[in-house]
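Please read the following report with the sequence and the 3D structure at hand, taking one region at a time.

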Amino acid sequence: MTKDIFPSYRGRMEYFCLGCGKRYPTDELHYTCPECGGVFLLEDLNFDELKKTSGDEWRAIFDERASSKNTALRGIFRFYELMAPVMEEEDIVYLGEGNTPVVGSSESLNGHTGISTAYKNDGQNPSASFKDRGMACAFSYLKSLIRSKGWDEILTVCASTGDTSAAAALYASYVGGPIKSVVILPQGKVTAAQLSQPLGSGATVLEVPGVFDDCMKVVEYLADNYRVALLNSKNAWRILGQESYAFEIAQWYDWDLGNKNIFVPIGNAGNVTAIMAGFLKLYALGIISELPRIFGVQSHHADPVYRYYAVDDPNEREYKPVTVTPSVAQAAMIGNPVSFPRVKHFAERFEAIGGKNAFQVIQVTEQQIMDSMILANRNGHIACTQGGECLAGAVRANALGLVAEDEICVLDSTAHHLKFVDFQQMYFENSFPKDYEVQPDMDLANLPELVISPEEKERLAPEEYTETTAQKVVEKLGLAKK
Ligand SMILES: *Cc1c(COP(=O)(O)O)cnc(C)c1O
Ligand SMILES: [Zn+2]
């Protein structure tokens, strides 16, 4: 087996409904269960065949593939057999997603927090968030459907202001051909920055009066009645692609996860689900011998999953959606996560193998999220607010005695810092609207300082201007002469 040869193994995949248990073949496009409306998982019925290859052999295969130049094996499909092994090489879309770096926290950051952390920078994906992992899988599947069915047209649709639209529009514009991309948004409720990525990728952006729920109802109607691929959070192909995050962490740490704690922000809960599912597959095949511990993190302004798991006795737990209040972890500001049934499904399996603490949910405040993001970035990182949320979660877990000294906390910065600079600005200018409940630590604020006024510049001759300005810089910084 050489590293550039596309694998010959093919799975037999089915949609499996978590609501009613019904199964459907994957040669049809399904968003939710036609029978009960429940969310799907995708399962490979041939999975047990993969057990004929030992854990050692799998590790060797994936390690060898890590240096492949075959683009079909370079991104999330390095782990082809565990991902969606029904696609042909020609179907696989690769825009450089996945294989995001794990950057050990600087000594100064670890000094501040008293724990050992590392950021996995998923903002270094092509559209600058982890959503690209799921889209790479969803669009590869669409390409395989288009090829096998000979379709000359298919519409991809999503209703989202944020990273989902940005990713969907990017992949649609790259694949092109029969794929047309539409984003449906509530009129007047989205910012120019949120529109810029889908517009730049050439997606058709349609606005309707109303709120997000109205948009969701329209796109679900379209998906039920027309040849439309709906790419919102319930889409099971996206969850599958996001499992790659777990595979990459395992490989990065040489398949040894015994002393690792994985922190993941929870919004619609697709990502945390996928990460648990991914580690479980590695464990089932003996590729890893221990599961890491998973810590979901939620803000006190949007914490339905935290509230559910805060009840210790599983029989007493009761799922209740919450009404959210504004959160700086905007991409995770969700009161009724669509993937909650998936979380329950995988958390049970995780705990059955890893024990009662294998999956936990930590609650943090908006204040802690912002302070943590600012602190991380002042110490050499590129964390978004959700990355700040993960750091706050790790600090909180340590305070609760849940993290041991010799353990590493791997933090998911789910998007690039640059997508969330508005919150940084509000912090530095102390201009947060009251609802956020964030009071900046002004020692951490950083604002530009004017060295010399325009009027003073007017008064000075050009040579004088340079020297006077330079002298003022010297005074401000206390520079010593060479
Ligand atoms: C979508 C998103 C989340 C939330 O992920 P879920 O899968 O909905 O829990 C967190 N951070 C960013 C940047 C996102 O785009
Ligand atoms: Zn069903």
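In which sense do strand S7 and S8 pair, and over how many bridges? Strand S7 (residues 179-186) and S8 pair in the parallel sense, and five bridges join them.

## About the model

This is a predicted model, in which local features need pLDDT of at least 70 and side-chain atom pairs count only at pLDDT 80 or more, while totals for chains, interfaces and linings use all residues. Residues are numbered from 1 along each chain as its sequence is written, chains are lettered from A and ligands numbered from 1 in the order in which they are written, and side-chain values use heavy atoms, with hydrogens and water left out.

## The parallel sheet

S7 and S8 belong to an open sheet of four strands, whose order is S8-S7-S6-S9 and whose pairing is parallel. Its edge strands, each of which pairs on one side only, are strand S8 (204-208) and strand S9 (228-230). On average, and with direction ignored, neighbouring strands of this sheet are turned by 25° against each other. Strands, like helices, are DSSP runs numbered from the N terminus (E, at least two residues, for strands; H or I, at least four, for helices), and two strands pair if DSSP finds at least two bridges between them.

S6 and S7 run parallel and are joined by five bridges. Four of the five residues of S6 are buried, so this strand is largely enclosed by the rest of the structure; here buried means under 20% relative accessible area, exposed means over 50%, and partly exposed lies in between (1.4 Å probe, protein chains only).

Contact means heavy atoms within 4.5 Å, and the angles run from 0 to 180 degrees between N-to-C directions, with axes being lines fitted to C-alpha atoms, for helices over the stretch in contact.

## Two loop residues

Asn232 lies in the loop between S9 and helix H7 (236-242), and at 9% relative accessibility this residue counts as buried. Leaving aside residues up to four places away in sequence, Asn232 touches Tyr31, Val157, Cys158, Ala159, Met216, Val219 and Arg238.

Ala128 is found in the loop between strand S5 (116-121) and H3, and its phi is positive, about 75°, although it is not a glycine. With a relative accessibility of 16%, Ala128 counts as buried.

## The zinc site

Which residues are the protein donors of the zinc ion (ligand 2)? They are Cys17, Cys20, Cys33 and Cys36, each through its SG atom, lying 2.3 Å from the ion. Donors are N, O and S atoms within 2.8 Å of the metal (3.2 Å for Na, K and Ca), and sites may look incomplete since water is not among the atoms. The site is tetrahedral, with angles of 96 to 116° among its four donor atoms; four donors count as tetrahedral if all angles lie between 85 and 135 degrees.

In sequence, the donor residues are spaced C-x2-C-x12-C-x2-C. Cys20 lies in the loop between strand S1 (13-17) and strand S2 (23-25), and Cys36 in the loop between S2 and strand S3 (40-44), so the pair ties together parts that are 16 residues apart in sequence. Cys20 counts as partly exposed at 38% relative accessibility, and Cys36 counts as partly exposed at 41%.

## A pair of crossing helices

The axes of helix H12 (residues 366-378) and helix H13 (residues 385-399) come within 7 Å and cross at roughly 100°. H12 is therefore roughly perpendicular to H13, a term used for angles of 65 to 115 degrees, whereas angles under 35 count as roughly parallel, over 145 as roughly antiparallel and the rest as oblique. Among the residues that make this contact are Gln368, Ile369 and Met370 of H12 and Thr385, Gly388 and Glu389 of H13.

Notes:
Tetrahedral: all angles 85-135°; square planar, octahedral: opposite > 155°, others 65-115°.
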